[in-house]
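Welcome! Take a moment to look over the sequence and the 3D view before reading on.

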Amino acid sequence: GHHITEFPYFSFLFADLHAHMIAIPFTLLVLGLAFSLLVGLRRASLTWLIAAAAALGGAMGALWAINSWDYPIYFLLAMILIGTGVFLKRRPTRESARTFLLLAAVTGTVSVLAFLPFHLNYHPFPTGLEVSRWQTPLLNFLGIHGLFLFLIITFLLYLQRERLAALFVAIF
């Protein structure tokens, strides 16, 4: 079939370098720079904030060129973190709005302009969303994600153990 179900096994075991693998360090870089802006908004100078926003924009532009599906999510997350940092600084509303808009504009502009030659010359395959005709069998899905699902479900049940015990007593 034409489906992609090998991640993470095939990519890690056989070093089959896919865009989603190359993007992992860049997503970590974007997260680190966005959190740096969040923390830096408290005491940093405007020059540092603009430089950090430009660095974040460059990292996000690279992420867009590597794996375009990651760009909107990480851009939104970065804007949420910048907005949170501006809100936590407790400045007057107009100054907060100006700071947020300035940092958002610098980040967005650099992310596009730094890789503009790439975007102008890139010819993607047909784009859009469609329902896949191929589905991963349940046993294969559980083989890939089963351990993590088990750990997450067990942890959530552990956190709710008192409520579940009270519910069990109420039912029986």
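## About the model

This is a predicted model, in which local features need pLDDT of at least 70 and side-chain atom pairs count only at pLDDT 80 or more, while totals for chains, interfaces and linings use all residues. Residues are numbered from 1 along each chain as its sequence is written, and side-chain values use heavy atoms, with hydrogens and water left out.

## The overall fold

The protein chain holds eight helices and zero strands, so its elements read α-α-α-α-α-α-α-α from the N terminus on (helices are DSSP runs of H or I with at least four residues, strands are runs of E with at least two, and both are numbered from the N terminus). Along its principal axes, the C-alpha trace spans about 60 × 50 × 30 Å. The radius of gyration of the protein chain is 22 Å, whereas a compact globule of 172 residues would have one near 16 Å. That radius is taken over C-alpha atoms, and the globule rule is 2.2 Å times the number of residues to the power 0.38.

Contact here means heavy atoms within 4.5 Å. Among contacts in the protein chain with a separation of 6 or more, 67% join residues 24 or more positions apart.

## Surface and charge

The protein chain exposes about 12,600 Å², and carbon and sulfur atoms supply 71% of that area. Accessible areas come from the Shrake-Rupley method with a 1.4 Å probe, and for residues only the protein chains shown count as cover. Of the 172 residues, 25% count as buried (buried means under 20% relative accessible area, exposed over 50%, and partly exposed in between, with a 1.4 Å probe and protein chains only).

There are 10 positive and 6 negative charges in the protein chain, and their mean positions are 22 Å apart. Lys and Arg count as positive, Asp and Glu as negative, while His and the chain ends are not counted; each charge is placed at NZ of Lys, CZ of Arg, CG of Asp or CD of Glu.

## The nonpolar core

In soluble globular proteins, nonpolar side chains tend to be buried together. A nonpolar core is a set of buried Ala, Val, Leu, Ile, Met, Phe, Trp, Tyr and Cys residues joined through side-chain atoms within 4.5 Å. The largest one here has 23 residues, and V30, L37, L56, I82 and L103 have the most contacts inside it. At least two residues of this core come from each of α2 (19-40), α3 (46-66), α4 (70-88) and α5 (93-113).

Leaving aside neighbours within four places in sequence, I82 is in contact with L37, L41, L56, F100, L103 and T107. A78 sits in helix α4 and is buried, with a relative accessible area of 1%. Not counting residues up to four places away in sequence, A78 touches A34, L56 and M60. The C-alpha atoms of A78 and M60 are 9.5 Å apart, though 18 residues separate them along the chain.

## Residues in the loops

N67 is in the loop between α3 and α4, and S68 has its place in the loop between α3 and α4 too. Is each of them buried or partly exposed? N67 is buried at a relative accessible area of 15%, and S68 is partly exposed at 40%. Not counting residues up to four places away, N67 touches A19, H20 and A23. S68 and A19 are 49 residues apart along the chain, with 9.3 Å between their C-alpha atoms.

P126 lies in the loop between α6 (116-121) and α7 (138-159). With 82% relative accessibility, P126 counts as exposed. P126 and A23 are 103 residues apart in sequence and 21 Å apart in space, C-alpha to C-alpha.
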